[in-house]
Amino acid sequence: MSDLLRTSLYTAHAAAHARFVPFAGWEMPVQYAGVLTEVKAVRERVGLFDVSHMGRVRVRGGDAPAFLQRMVVSDIARLSESGGEARYSLFCLEAGGVLDDIIVYRFSAGEFIVVVNASNREKDLSWMRHHAGGFNVRIEDETTETALIAVQGPEAMPLLDSLADRTLSRVRRFGFTDATVSGVRTMAARTGYTGEDGMELFCTADDAPRLWEALTAAGATPCGLGARDTLRIEAALPLYGHEMDEHTSPYEARLGWTVKLDKPADFLGRTTLAALKDSPPRRILAGIEMDGRAIPREGYVVRTGDEVIGHVTSGTFSPTRGKGIALVRIDARRAAPGNAVDVIIRDQPHAARTLALPFYKNV
Amino acid sequence: MSQTPTELKYSKSHEWVRLEGDVAIIGITDHAQEELGDVVYVELPEVGRVLAYDDVFGTVESVKAVSELYSPVTGEVIAVNDTLTGNEATINSSPYQDGWMLKIKLKDPAEVESLLTADGYRTEIGE
């Protein structure tokens with residue numbers, strides 16, 4: 001594992017007896033006390049996640065807004081030039097597939113940070129640099145010098161308010177602000193990937209251990225990638241490479257809402273996406289819950305009777321619902337909530353039914 | 001360090017065997033349950049099924065992982081621990097006692113001799 005990257009919190013995780021796994025080139029904690037304990041902590045109190053493996057790319061320069069308008073499907077001009085607003089968005093290929101899902105944070109007229117998936121960081125950097133020709137823009141990968149810590153759960157905001165030099169609970173969803181938290185300078189964003197309220201704190205890699213220590217001392221439970229994946233599936237939040245990829249359009253992944261075809265600038269993928277919007281996808285993302293106790297897993301086939309109608313894109317036992325749940329991509333005609341389907345688990349059909357998404361939301 | 005009681009025999013696929021006459025009681029090891037994490041689902045065979053050595057006899061799943069179970073012996077399933085359904089955490093809390101999974105009537109009780117001793121299993125898992 002010597003070629004794996006480690007975040008600046010590695011030592012803190014090891015001291016807390018984390019179990020590590022390789023993930024997108026990083027050696028990351030998959031669990032500490034256990035996935036069930038960690039999920040419960042986030043759903044009932046507050047959990048803490050090291051998500052420093054996610055890519056952080058600063059984009060600045062006089063043409064930064066025009067460049068990003070060309071790169072992403074959202075209308076970046078809607079983000080305030082005075083800063084403090086972020087947006088979930090996508091990089092799309094000309095052919096309409098999703099290159100990555102991202103969050104764009106605007107600091108000023110000409111300065112942004114784009115947070116990308118760890119698994120796509122190199123690909124995204126190449127993609128951005130390839131398309132930067134002719135724009136007055138600098139693209140800087142700040143991933144290894146910085147850290148990102150997510151604080152999530154119903155008690156996240158009271159906890160953060162108690163540690164910060166300003167009232168962070170006044171920050172709106174997808175807003176962000178500079179704040180000093182337990183003596184550490186951060187950029188605190190009201191974002192997350194769990195279905196709960198909370199924030200994601202950007203700081204320097206050097207400061208991260210001090211911030212992590214302060215947050216755990218204040219009662220936040222360290223949580224690993226196992227809990228994070230289960231929480232995001234319950235919240236029906238898509239994960240790149242599972243619910244979408246370069247061969248999936250935003251419309252097949254329930255992400256059509258991010259695509260602003262009428263924004264006042266051309267963007268990569270626009271022509272194809274405009275055409276796709278007018279022809280409803282054959283298969284779309286839906287949610288299912290098992291009737292019995294079996295657990296649906298990625299790749300399992302979904303049928304109605306003998307007809308294969310799709311497959312599981314992400315599945316898990318849901319601690320919050322006490323049942324197996326899954327995100328599935330299935331025949332759009334069968335995706336409405338309440339339909340009976342079968343999931344094929346070890347060659348046996350197991351009854352399930354489609355549910356309205358998300359399975360869980362408390363934010 | 002996980003528990004590996006010396007009176008039991010072990011398989012490389014992390015099952016344990018307790019011999020009682022010509023009946024083998026089978027479960028998964030403390031090391032296996034630790035590696036899996038919180039067990040939330042277990043699928044076991046029907047009573048009466050005949051298993052050969054190394055046959056897949058079921059599945060144990062944690063929140064994020066699926067692991068197949070392999071029979072460490074040859075014989076007929078004469079009992080299944082039904083109390084595990086809905087109480088899968090017993091496999092984590094008591095892997096060698098309340099967390100037992102199967103009782104198999106052995107075709108040849110001497111077969112158990114070829115399994116790993118506790119020492120052998122500890123070496124196998126690097127402890």
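1. Two strands pair if DSSP finds at least two bridges between them. In this predicted model, strand E6 (residues 56–62) of chain B and E7(B) pair in the antiparallel sense over five bridges. Across this pairing, B:Gly58 is opposite B:Leu69, a residue of E7(B).

2. Now chain A. Helix H7 (residues 225–234) of chain A is largely enclosed by the rest of the structure, because nine of its 10 residues are buried. Among the buried residues of H7(A) are A:Leu225, A:Leu231 and A:Ile233. The charged-type names A:Arg228, A:Arg232 and A:Glu234 are on the buried list too. Just after H7(A), A:Ala236 has a positive phi of about 55 degrees.

3. How many residues of chain A are in contact with chain B? The count is 15 residues of chain A, against nine residues of chain B. On the chain A side, helix H2 (35–44), H7 and strand E16 (307–318) each give two or more residues. H7(A) supplies the largest share, three residues. By type, this side of chain A divides into six nonpolar, five polar and four charged residues.

4. To sum up H7(A): the helix is largely enclosed, and it gives the largest share of the side of chain A that touches chain B.

Conventions: Residues numbered from 1 in each chain as written. Chains lettered and ligands numbered in written order. Predicted model: local features only at pLDDT ≥ 70, side-chain atom pairs only at ≥ 80, totals over all residues. Buried ≥ 20, exposed ≤ 12 C-beta atoms within 10 Å, placed from the backbone. Helix = DSSP H or I, 4+ residues; strand = E, 2+ residues; numbered from the N terminus. Contact = placed C-beta atoms within 7 Å.
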